[in-house]
Every structure is written in C-alpha cells, then in structure tokens.
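Notes follow in the order I went through them.

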Amino acid sequence: MVSHRLLVRKLVLICIAMFGFGFALVPLYDVFCRYTGINGKTENTAAPASRRVDESREISVEFLANRDPAVPWSFAPEIPSISVHPGQVKIVNFLVENLSGVATIGRAVPSVSPGEAARYFKKIECFCFVEQPLDAHQGKAMPVQFYIDPDLPSHFTTITLSYRLYNNTPQTVGR
Amino acid sequence: MSTENSNVLDINNDHHADERDHKPKGITRWLYTTNHKDIGTLYLLFALLMLFIGGSLAMVIRAELFQPGLQFVDPHFFNQMTTVHGLVMVFGAIMPAFVGLANWMVPMMIGAPDMALPRMNNWSFWILPFSFFILLSTLFMEGGGPAAGWTFYAPLSTTYSNDSTAFFVFSVHLLGISSIMGAMNVIVTIFNLRAPGMTWMKMPLFVWTWLITAFLLIAVMPVLAGTVTMVLTDKYFGTSFFNAAGGGDPVLFQHIFWFFGHPEVYIMILPAFGIVSSIIPTFARKPLFGYDSMVIATASIAFLSFIVWAHHMFTTGMPVAAELFFMYTTMLIAVPTGVKVFNWVATMWRGSMTFETPMMFAVAFIVLFTIGGLSGLMLAIIPADFQYQDTYFVVAHFHYVLVTGALFGIISGVYFWIPKWTGVMYSERLGQWHFWCSLISVNMLFFPMHFVGLAGMPRRIPDYALQFADMNAFISIGGALFGLSQLIFVWCVVRCMRRKGEKASTQVWEGAHGLEWEIPSPAPYHTFQTPPQVK
C-alpha cells in the first residue's frame with residue numbers, strides 16, 4: 001500500500017492556500033484598481049503640488065454629490081462644473097447641512113469617471129481624506145483642492161468627480 | 001482504455017463469495033459505513049431527495065408565475081424560493097449525485113478495493129444532511145430564509161439580509177468542507193490506488209473528468225468559504241470588505257464570488273462529460289473517438305474556467321479592455337467544448353447504435369447541452385449581454401446546461417450503471433417513458449424562457465408584464481410535467497432496488513468494456529481486494 005499521508009498533506013496545503021488567496025484578493029483588487037484606474041478609484045492621499053500648467057487645452061470637470069439614505073444631510077457641490085487647464089490648481093466647495101437633530105459623522109467616498117482618467121486626477125487637499133462630523137442642524141462648506149495632471153492623454157475632454165456620502169457614526173456602522 | 005483482459009476475475013479464486021458479500025446489518029451499517037458502494041448509494045439517494053425538494057421550491061416559483069400579478073406568495077418569499085432552489089439544486093442535488101457516482105464507479109473503474117480515505121468518506125457524506133437541515137430550517141424561521149439569490153451578492157446578503165444569513169453561511173461552510181473532503185478522496189484514490197497497468201492514459205474518461213473536477217473543487221471551494229466568511233464578518237463583526245462606507249467595494253464581492261462561481265459551473269458539468277463519454281462508445285459499439293483529445297480538452301476547459309469569471313459581471317462598469325479579455329477567453333472555451341461534441345458525434349458515426357434509455361439520455365444530453373452552450377456564446381458577446389443580463393434568457397441558458405446537461409448526464413449514468421449496482425435491469429419500457437416525458441416537458445419548460453427573456457422579462461421577479469402571460473402559463477405547465485416525469489424515474493430506481501426485473505449479466509451491455517464490467521452484477525460488497533492486472 002502506498003502511503004496517502006504525503007499527498008493528503010499537499011492537498012490540505014492547497015486548500016489552506018486557496019482560502020488565503022480568497023482573502024488576498026481583497027488587497028490585490030484594491031492595488032490593481034488603483035494602479036490601472038479601473039473602477040474610478042483615485043489616490044485617497046494628498047498629491048504634491050502641480051509643477052507646470054498646460055495652457056494649450058481646457059478640461060471640463062463636473063461634480064456630482066449623492067448621499068446614502070442613512071445620512072440625514074443635504075449634500076451638493078457649490079458649482080456643477082468648472083473649466084481648468086491641466087496643472088492649474090482649483091478649489092471647489094461642497095456644501096453640507098445636517099438636517100436632523102442628531103450629531104452625525106459622514107464619510108465621502110470619491111470616484112472618477114472615466115476610470116482611465118482617475119490616476120490623472122490629483123487632490124492636494126480633500127474633505128474625503130478624513131471623516132466629517134456635523135452637529136445637529138450644523139452646516140459647512142467642505143473644500144477639495146485639485147488639479148489635473150498635465151500628462152492626461154489628449155482624448156479626455158471631460159472628467160467627472162463624484163462623491164457618495166456615507167454615515168460613519170459609530171453605532172450605525174455595518175447596519 | 002483497453003482492458004479486455006480475462007484474468008481480472010482472480011478475486012473469485014482468492015476469496016469466498018460470502019466473505020466478499022458480508023455486510024453489517026441495520027441502521028449502523030449506513031451510519032458507520034466506510035464502504036465506497038454504501039456511501040455512493042447514500043450520496044445518490046440524498047441527491048434524489050434534494051432534487052425533489054429543490055423541484056418543489058421551483059414549483060412554488062412556477063405557480064406564482066403561472067399568471068401575472070401576485071397570487072400565492074409575497075415577493076420576499078418568492079426571493080427565498082429562487083435562492084434556496086438554486087442552493088439546493090447546485091449543492092444538494094447535482095454535486096452530491098456526482099460524488100455518489102464517483103464513489104461507486106471510480107474504485108471499480110481503476111481496480112481499487114475502496115476509496116483511499118474511507119473514514120473521511122463517511123464524514124464527507126454525513127455532514128451533508130446536517131448542512132441542508134440548517135439551510136432548509138431557515139425557511140420556517142421568523143423572517144424566512146436567505147433571499148439574496150444563490151449568488152448572495154453583497155449588499156443584499158449583508159446590509160439588507162435578515163439573520164438567516166448566519167445559518168446560510170454556516171451551512172455553506174459545512175457544504176464546502178464536505179465537497180473538499182470528497183474531492184481529496186477522489187484525488188488520492190486515483191493517484192495511489194490504480195491497479196497495476198492502469199496508466200494515466202488508460203483511465204476511463206469518467207475517472208479523468210472526475211480527477212480534474214476534484215482539483216477544481218480543491219482550488220475554489222476554499223475561496224467560496226472565504227467569501228461567505230467575509231459576508232459573515234461584514235454583517236456581524238463590523239468589517240467592511242464589501243461596504244463602501246468603510247472603504248470596501250461591493251463589486252469586489254462579485255469578483256471573489258465568480259472566481260469561485262465559474263469553475264463551479266464546470267465542476268457541475270465535467271463529470272457529466274465523463275459519463276457521456278462512457279455511454280456513447282458502449283451503445284455505438286465503437287471505441288471513443290479521440291480519447292487523448294478528450295483528456296486535453298477537459299484539462300483546457302478546467303484551466304480556462306479560472307480566467308473567464310468576469311463575464312458574469314459585464315454590466316458592472318468594467319473598462320472595455322477587461323471586457324474584451326473576458327469575452328475572448330469565454331469564447332475560447334467553445335473550442336475544447338466543440339472538440340468534445342465533435343468526438344461524441346464521431347464516435348456515433350457509422351457505429352452499430354442501439355437506443356436503450358442511457359443512450360437516449362446521452363444523445364439528448366449532446367443536443368440540448370449544445371443548445372445551452374450556444375446561448376452561452378450569445379451571452380458572452382458584450383453588447384448582447386447588456387440586453388440579456390438578468391433576463392429569463394440567462395435562466396434558459398443555465399438550465400439547459402444544468403438540467404439537460406448535468407442532470408441528464410447523471411440520469412443516463414444511473415440507468416447505465418444501475419444493473420451493475422443492483423444486479424437487475426431497470427424496466428426498459430418505463431425508462432423510455434421517463435425519457436420521452438422528460439424530453440418533451442423539459443423543452444416546454446425551458447425553451448420558451450429564451451423568448452420571454454429576449455423580449456425583456458427579468459428574472460427573480462414574482463410579477464411580469466401582461467404580454468408574457470401565455471408563455472409563462474405554458475412554461476409552468478412544462479415545469480409541472482417535468483416534475484411529474486421524474487416520478488417515473490423514482491419508480492424505475494425503486495423497482496431495481498427491490499430487485500424486481502430481469503437479472504443482469506456481468507457485462508450488462510453488449511458493447512461495455514472496462515474493469516467495472518468484469519465483476520459480477522450486482523457488484524459484491526468488496527471488489528478488487530487483490531488488484532487486477534490491466535494490460
């Protein structure tokens with residue numbers, strides 16, 4: 001009789017490795033999306049300041065704001081769109097107001113469309129980098145400071161920056 | 001493949017017949033059994049029971065869809081029916097039936113005395129009833145069972161599900177453990193217990209397809225376990241794998257799920273390819289055409305199954321480059337599958353064919369599975385998929401490959417091998433009745449789904465627009481007839497189990513070749529305790 005132990009051990013190892021691989025897909029997916037810009041994921045950290053401005057063309061940047069029904073806030077960009085030269089730094093405000101009588105913490109998740117342009121969208125400062133707490137009935141203007149990387153391929157003429165606002169108040173998370 | 005040797009029956013000289021046939025008595029025989037034939041029988045009967053449970057759930061769906069409007073069940077219960085029907089049929093009927101056939105046939109086909117890990121074999125079966133008890137019990141709980149579809153997409157299964165999710169996850173964990181143990185057993189058996197002379201390229205195709213299936217199972221069932229674990233922690237322990245508010249991504253769920261899910265659909269069809277590859281040569285009385293290419297085609301399909309998963313998610317907003325990649329790899333699968341269909345047809349070409357029930361089901365398998373494959377190719381075309389996505393066209397497609405593909409393959413295998421298992425021939429007259437009733441009703445059931453799907457009827461919705469009413473009434477009647485037709489099958493099987501029928505010979509079928517046809521019918525409780533010599 002051949003000993004089965006060695007083969008069984010190898011097969012168990014494959015199983016454990018594949019179980020791990022399922023979880024490894026989570027960071028892999030994130031890295032892959034960020035690297036290729038698939039899914040419109042942008043770098044969610046501060047970019048260095050722009051070094052040059054390409055005045056030969058203009059890009060139309062459009063803003064979208066929508067919120068999860070669990071956030072009792074109003075949420076809208078100050079202006080629907082803006083025209084910029086690649087490399088030119090702009091600041092745009094997003095206005096929020098807590099419509100409820102309860103203090104709430106919001107978290108905005110950005111997404112850029114078309115996805116291939118996501119990695120050329122550079123944010124120097126953004127309200128989406130951190131959680132945004134609002135007291136009852138408080139309102140504020142949340143700024144995003146950004147520029148478009150001058151290396152942006154020439155076939156892009158319009159870029160949409162979209163935010164979705166989620167409720168991150170501790171007791172409501174995951175429910 | 002060629003095992004036409006006469007000295008394999010030397011087991012007859014070494015042991016007394018009664019010693020080979022000694023069986024423990026009573027319920028403990030089944031509870032404690034480590035015998036591959038007993039466990040195979042348990043698996044097959046369990047699968048048959050699950051087929052009827054899953055079928056009853058489907059009939060609730062068809063009753064509700066018989067007329068437009070809401071008649072019998074509320075939409076939430078309807079969703080539970082589609083979900084649990086899918087889970088029961090995939091994990092309770094099709095997969096256990098294949099494992100049952102593997103348990104019965106793989107050791108007998110390769111000349112092994114039993115499965116390599118008999119006690120683990122017992123475990124892998126007896127986990128199943130408990131797992132399904134857990135899953136089905138949720139239907140009777142407050143709030144009902146899982147209702148997110150058998151694909152349990154997040155956030156349907158996380159944010160918007162009720163507490164049946166915990167039961168569902170635990171049940172899927174058990175199912176996964178059971179499948180993994182079953183698959184390991186098959187691999188170890190085939191690697192270590194082949195009879196002397198049973199080289200790789202002499203193995204029957206059923207053994208080959210099951211070996212490849214077992215590797216697929218080992219590779220992807222742990223990924224499914226990981227997916228349901230993430231769903232569990234997202235729902236109960238505050239993680240955010242699939243929750244955008246916490247930095248996760250719901251689309252990630254679909255990637256991980258379908259990384260499991262696509263190989264899974266081949267897990268449910270490759271063993272059927274093996275069964276049909278055994279049956280066609282037997283009744284065409286010719287060796288299988290292109291044995292080597294069959295093995296290579298099976299392995300290629302298995303490999304390709306890992307790089308096509310995103311064709312289930314064309315409408316999630318992938319970049320065009322990724323969509324094209326998944327479209328082309330998906331279409332590439334048609335090549336090895338086409339090789340298989342060609343080989344089956346070439347095997348029948350100029351053969352001395354007879355059309356007993358197993359052959360009828362096998363031929364129907366080839367024709368109807370090909371229809372399912374072609375609608376799959378239509379779905380692979382990206383622009384067309386945007387229209388077909390989530391319509392009844394998809395339902396028609398996967399029922400053609402799973403019912404007239406996998407299930408017909410299993411049924412033909414049961415008719416083919418049941419004389420060997422029980423020692424008596426099934427009733428050919430009943431078998432033919434079963435075949436023709438099933439063939440007509442299954443096409444009444446699933447073929448019109450193509451049309452309502454192309455016309456835009458969405459799946460998983462309990463109500464529909466009025467113009468689909470006649471078609472849906474027709475489909476529901478087909479469904480009821482198909483369900484009733486399976487009672488003839490039960491009748492056939494029970495007759496054989498009660499040993500009613502003509503006694504079967506050792507070879508059973510005139511054109512049958514292979515080790516399993518050289519042991520007496522019914523197969524003794526212990527076979528090949530001394531390995532046969534394969535030339």
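**Starting at B:Asp38**

I began with the contacts of B:Asp38: leaving out residues up to four places away in sequence, it touches B:Arg29, B:Trp30 and B:Thr33. This is a predicted model, so I keep that in mind throughout. I placed B:Asp38 in helix α4 of chain B, which covers residues 36–64. Is B:Asp38 buried or exposed? I found 21 other C-beta atoms within 10 Å, and the cut-off for buried is 20 or more, so B:Asp38 is buried. I also checked B:Asp38 against B:Leu481: they sit 443 residues apart in sequence, and their C-alpha atoms are 32 Å apart in space.

**α5 and α7 of chain B**

Next I looked at how α5(B), residues 75–110, packs on α7(B), residues 164–192. The angle is about 20° and the axes are 11 Å apart. Angles under 35 degrees count as roughly parallel, and therefore α5(B) and α7(B) are roughly parallel to each other. The crossing of α5(B) past α7(B) is left-handed.

Which residues meet here? From α5(B) I listed B:Phe91, B:Met95, B:Val99, B:Ala102, B:Val106, B:Pro107 and B:Ile110. Their partners in α7(B) are B:Leu175, B:Ser179, B:Gly182, B:Val186, B:Thr189 and B:Ile190.

**α6 and α7 of chain B**

Then I turned to α6(B) against α7(B), where the angle is about 160° and the axes are 8 Å apart. Over 145 degrees counts as roughly antiparallel, which means α6(B) is roughly antiparallel to α7(B). I noted a left-handed crossing for α6(B) past α7(B) too.

The α6(B) side of the contact includes B:Met120, B:Trp123, B:Ile127, B:Phe130 and B:Leu135. On the α7(B) side I picked out, among others, B:Phe167, B:Phe170, B:Leu174, B:Ile177 and B:Met181. The contact of α6(B) with α7(B) comes to 14 nonpolar and seven polar residues, with no charged ones. B:Leu175 and B:Gly182 of α7(B) turn up in the contact with α5(B), and also in the one with α6(B).

**Cores**

I asked which residues touch the most other members of the largest nonpolar core. They are B:Ile94, B:Ile110 and B:Val207, in a core of 176 residues. α5(B) gives this core its largest share, 22 residues.

I followed up on B:Ile110, again skipping residues up to four places away in sequence. B:Ile110 touches B:Ile190, B:Leu193, B:Arg194, B:Ala195, B:Met198, B:Met203 and B:Val207. There is also a second, separate core of 28 residues, and A:Val96, A:Val144, A:Ile148 and A:Leu152 are among its members.

**Where A meets B**

How many residues does each chain put into the contact? I have 28 from chain A and 29 from chain B. On the chain A side, α1 (5–36), β5 (104–113) and β9 (158–167) each supply at least two residues. α1(A) holds the largest share of that side, 13 residues. The chain A side divides into 17 nonpolar, seven polar and four charged residues.

I found a cis peptide bond from A:Ser113 to A:Pro114, with omega near -5°. A:Pro114 is in the loop between β5 and β6 (121–126) of chain A. In chain B, the bond joining B:Ala154 and B:Pro155 is cis, and its omega is about 5°. I located B:Pro155 in the loop between α6 (118–137) and α7 of that chain.

For positive phi, I noted A:His137, near 60°. A:His137 lies in the loop between β7 (132–134) and β8 (139–148) of chain A. Why does A:His137 count as exposed? Because it has 12 C-beta neighbours inside 10 Å, and 12 or fewer is the cut-off.

B:Phe528 has a positive phi as well, about 50°, and is not a glycine. I found B:Phe528 in the segment after α18 (469–497) of chain B. With 23 C-beta neighbours inside 10 Å, B:Phe528 goes down as buried.

Terms used:
Residues are numbered from 1 along each chain as its sequence is written. Chains are lettered from A and ligands numbered from 1 in the order in which they are written. This is a predicted model: local features need pLDDT of at least 70, side-chain atom pairs count only at pLDDT 80 or more; totals for chains, interfaces and linings use all residues. Axes are lines fitted to C-alpha atoms, for helices over the stretch in contact, and angles run from 0 to 180 degrees between N-to-C directions. Helices (H or I, at least four residues) and strands (E, at least two) are DSSP runs, numbered from the N terminus. Angles under 35 degrees count as roughly parallel, over 145 as roughly antiparallel, 65 to 115 as roughly perpendicular and the rest as oblique. A crossing is left-handed if the near helix is turned anticlockwise from the far one by less than a right angle, and right-handed if clockwise. Two residues are in contact if their C-beta atoms, placed from the backbone, lie within 7 Å. A nonpolar core is a set of buried Ala, Val, Leu, Ile, Met, Phe, Trp, Tyr and Cys residues joined through C-beta atoms within 7 Å. Ala, Val, Leu, Ile, Met, Phe, Trp, Tyr, Cys and Pro count as nonpolar, Asp, Glu, Lys and Arg as charged, and the others, Gly among them, as polar.
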